[in-house]
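Here is a walk through one chain, from its inside to its surface. Please keep the viewer open and follow along.

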Amino acid sequence: MLRVFWAAFALLILCLLSLGVGVIDLTADAKAWQVLAISRVPRTIAVLITGAGLAICGAIMQMLVRNRFVEPMTSGTGQGAALGILLVTLLAPQASIFVKMVLASATALGSSLGFLAIVRRLPPTQPLLVPLVGIIYGGIIGAGVTYVAFQADLLQYIDVWMNGEFSGVLQGRYELLWVAAIVAAASYFAADQFAIVGMGRVASVNLGLNYGQVVLIGLVAISVVTALTVVTVGMIPFVGLVVPNIISRLYGENLRTTLPVTAFTGAAFVLASDILGRLLRYPYEIPVGTVFGIIGTGVFLWLLYVPRRHVP
């Protein structure tokens, strides 16, 4: 409980900083409350939901695949969501955001199932093949999306979804992320089942778990959260890779205990990256996907070389 308190406290400080960072000086503007209500509060909420949701999805996917080096944005799920957005743009350009969400979730789920089917055929003695195959698999889907977008003169349009950023988040344009928040929060109630799945099919069945059903529930949750994130703010890589690895090294792999800390840490990391992206070239912005991509790469290399901490 103490670790959750400190994570929440750090997150509160970052939220206050996020509300205060911007081109408009709130202390000198008579309409400061409107700026907060229309822009900065929605943006901060969107960042929190995105960071927490992607971190939770990364932790769940790592349990389902039984590999600590995978996450939705580098294993085809995010690229599958982008494919769904591209398809609905080509086939039904006047479709509502809800239709985009549904199709993006469906294609993300299909991509996740495809990745899971591929990794099951890999030799268990070579775990590094799993992230390598995931990167290749996601790269193939992403390349296909880029090629079709280029042929249809939608390359600039699809780039919006391939690199996540929050500058376009305003009141009325982010509310779908609340669905992602609900799905991510609901996954906590299945945390024990996901942890058992991480022990393997044989162990899960012997413990009386419906292995296939739990895996499908996990993939649906991952696909919905990832699709809604891509539809609303775009792809933000490495969140689901770096954060769960940090938490597992510090606190172990009991999802029931660590999932809240994972959510808080993911939200804090993405929010800190968003604030940094707003300050580095002030008054211009660097997309949070770029900032976290650089930070995430450094942290990931650190995770590879630093000895794992013993957790009692």
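Leaving aside neighbours within four places in sequence, Asn245 is in contact with Gln62, Arg68 and Leu303, where contact means heavy atoms within 4.5 Å. Asn245 sits in helix α11; helices (H or I, at least four residues) are DSSP runs, numbered from the N terminus. With a relative accessibility of 6%, Asn245 counts as buried. Buried here means under 20% relative accessible area, exposed over 50%, and partly exposed in between (1.4 Å probe, protein chains only).

A word on the source: this is a predicted model, in which local features need pLDDT of at least 70 and side-chain atom pairs count only at pLDDT 80 or more, while totals for chains, interfaces and linings use all residues. Residues are numbered from 1 along each chain as its sequence is written, and side-chain values use heavy atoms, with hydrogens and water left out.

**Salt bridges**

One of the contacts of Asn245, Arg68, also takes part in a salt bridge, with Glu253. A salt bridge is a side-chain nitrogen of Lys or Arg within 4 Å of a carboxyl oxygen of Asp or Glu. By this rule the count comes to five, and the table shows some of them.

| Pair | N to O distance | Places | Apart in sequence |
|---|---|---|---|
| Asp274 and Arg43 | 2.8 Å | helix α12 and helix α2 | 231 residues |
| Asp192 and Arg256 | 3.1 Å | helix α8 and helix α12 | 64 residues |

Arg68 counts as buried at 18% relative accessibility, whereas Glu253, at 38%, counts as partly exposed. In the remaining pair of the table, Asp192 is partly exposed at 36% relative accessibility, and Arg256 is partly exposed at 26%. Salt bridges that share partners also join Arg43, Asp274, Arg278 and Glu285 into one network.

**The nonpolar interior**

In soluble globular proteins, nonpolar side chains tend to be buried together. A nonpolar core is defined here as a set of buried Ala, Val, Leu, Ile, Met, Phe, Trp, Tyr and Cys residues joined through side-chain atoms within 4.5 Å. The largest nonpolar core has 79 residues, of which Leu64, Val65, Phe166 and Val239 touch the most other members. Helix α2 gives the most to this core, with 14 residues. Apart from it lies another core, of six residues, among them Val242, Ile246, Phe300 and Leu303.

What does Leu64 touch, not counting residues up to four places away in sequence? Its partners are Leu116, Phe194, Val197, Tyr211, Val215, Gly218, Leu219 and Ile222.

Helix α7 (residues 177-186) shows its own inward side: Leu177, Ala180 and Ala184 are buried. They cover an arc of only 50° around the axis, which puts them on the same side of α7; the arc is that of the directions from the helix axis to the C-beta atoms. An α-helix has 3.6 residues a turn, so residues three or four places apart point the same way. What covers the buried residues of α7 includes α2 (32-65) and α10 (211-232).

**Backbone details in loops**

Some loop residues deserve a look at their backbone geometry. Asp153 has a positive phi of about 60° although it is not a glycine. This residue lies in the loop between α5 (129-151) and α6 (155-162), and Asp153 is exposed, with a relative accessible area of 71%. Phe238, likewise not a glycine, has a positive phi of about 75°. Phe238 is in the loop between α10 and α11 (239-251) and counts as partly exposed at 21% relative accessibility.

Which bond joins Tyr282 and Pro283? It is a cis peptide bond, with omega about 10°. Pro283 belongs to the loop between α12 (255-280) and α13 (288-305).

**A patch on the surface**

Phe5, Trp6, Phe9, Leu12, Ile13, Leu16 and Leu17 make a nonpolar surface patch of about 730 Å². Patches are made of residues with over 30% relative accessible area and no salt bridge: like charges are joined within 9 Å, and nonpolar side chains (Val, Leu, Ile, Met, Phe, Trp, Tyr) within 5 Å. The areas come from the Shrake-Rupley method with a 1.4 Å probe, and for residues only the protein chains shown count as cover.

Terms used. Helices (H or I, at least four residues) and strands (E, at least two) are DSSP runs, numbered from the N terminus.
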